[in-house]
Amino acid sequence: MEILVKRLNTMSGGKVLDVATGRGNFIKILQDGLKDYEKIIGIDNIDASILEKVSENFTDKRVNFIQMDACKMDFENDSFDIVCLSNSLHHLSDIQVVLEEIQRVLKPEGTIIINEMICDNQTSSQMTYVLMHHWWAKIDRAMGKLHFETFSKQQVLDIVHDLNLREVEVLEFNDPDDPMDQASLKGISKIIDEYIERAKPLQNFENFRQEGESIRKHLYEVGVNGATQVIVIGKK
Ligand SMILES: C[S@@+](CC[C@H](N)C(=O)[O-])C[C@H]1O[C@@H](n2cnc3c(N)ncnc32)[C@H](O)[C@@H]1O
């Protein structure tokens, strides 16, 4: 994410909110990149116990995690200088409601950063990742968890367009790693095993297993790279 870190180097964070923060991966990027910040809050609706574990990986007292629904945030209007949403658009039940909430809690002149992996115009090694991600999403949905297929670049831009942002910048990041790196192949293959195991109780397990095996074949034929990340930065 060098391109984003470089861009963040020019920004003072002030009060920062990371919506749907998950394990806080994007907060690490913000910490690496931002010139400075007053505080960073990560919100997610996962179990409070998971968020507590996540927070143990952050020693900086200015970083805090709160269990909260992004559709109904417990913050005053105009509270944050920067609001981020990373790799979560395809996990939301109601994107419009979350975007309205993001607009509401962002200060006038505040900055929105949306980072999202995309599924189109990918190399064959990136397609391994996309196919795998869509397979995970299918298994997650069959288990009752919100997880949809990832969007194309144009779909992400169309979604963000509704925010009516000013001074919009669109950046792209491509994973530069060796697609045939043996440790990565082994790591992904292990994740495929884990997902096959997870799918075992499902009715159409055999279909899920076969799809997993065909993705593993693709993995060892062409390798793997992370999908392209589209990053949209704009002002309220
Ligand atoms: C892929 S993960 C997070 C990724 C993380 N932001 C990153 O960049 O690594 C997507 C997250 O969205 C969260 N999520 C989905 N719907 C949500 C909602 N309504 N409110 C808060 N979090 C939500 C999920 O719990 C999950 O942790």
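**Close-ups of a predicted model**

**View 1. Strands β1 and β2, side by side.** Over in β2, Leu17 has Ile41 as its bridge partner. β1 and β2 run parallel and are joined by five bridges; strands count as paired if DSSP finds at least two bridges between them. Helices (H or I, at least four residues) and strands (E, at least two) are DSSP runs, numbered from the N terminus. To get from β1 to β2, the chain goes through helix α2 (residues 25-33) in a right-handed β-α-β crossover; with the strands pointing away from the viewer, that means a clockwise path from the first strand over the helix to the second. This is a predicted model, where local features need pLDDT of at least 70, side-chain atom pairs count only at pLDDT 80 or more, and totals for chains, interfaces and linings use all residues. Residues are numbered from 1 along each chain as its sequence is written, and side-chain values use heavy atoms, with hydrogens and water left out.

**View 2. On to β3.** β2 also runs parallel to strand β3 (residues 63-67), with five bridges between them. Five of the six β2 residues are buried (under 20% relative accessible area, 1.4 Å probe, protein chains only).

**View 3. Around Phe75.** Leaving out residues up to four places away in sequence, Phe75 touches Leu17, Ile41, Ile43, Ile66, Met68, Phe80, Arg104 and Val105 (contact means heavy atoms within 4.5 Å).

Key
Buried < 20%, exposed > 50% of the residue type's maximum accessible area, 1.4 Å probe, protein only.
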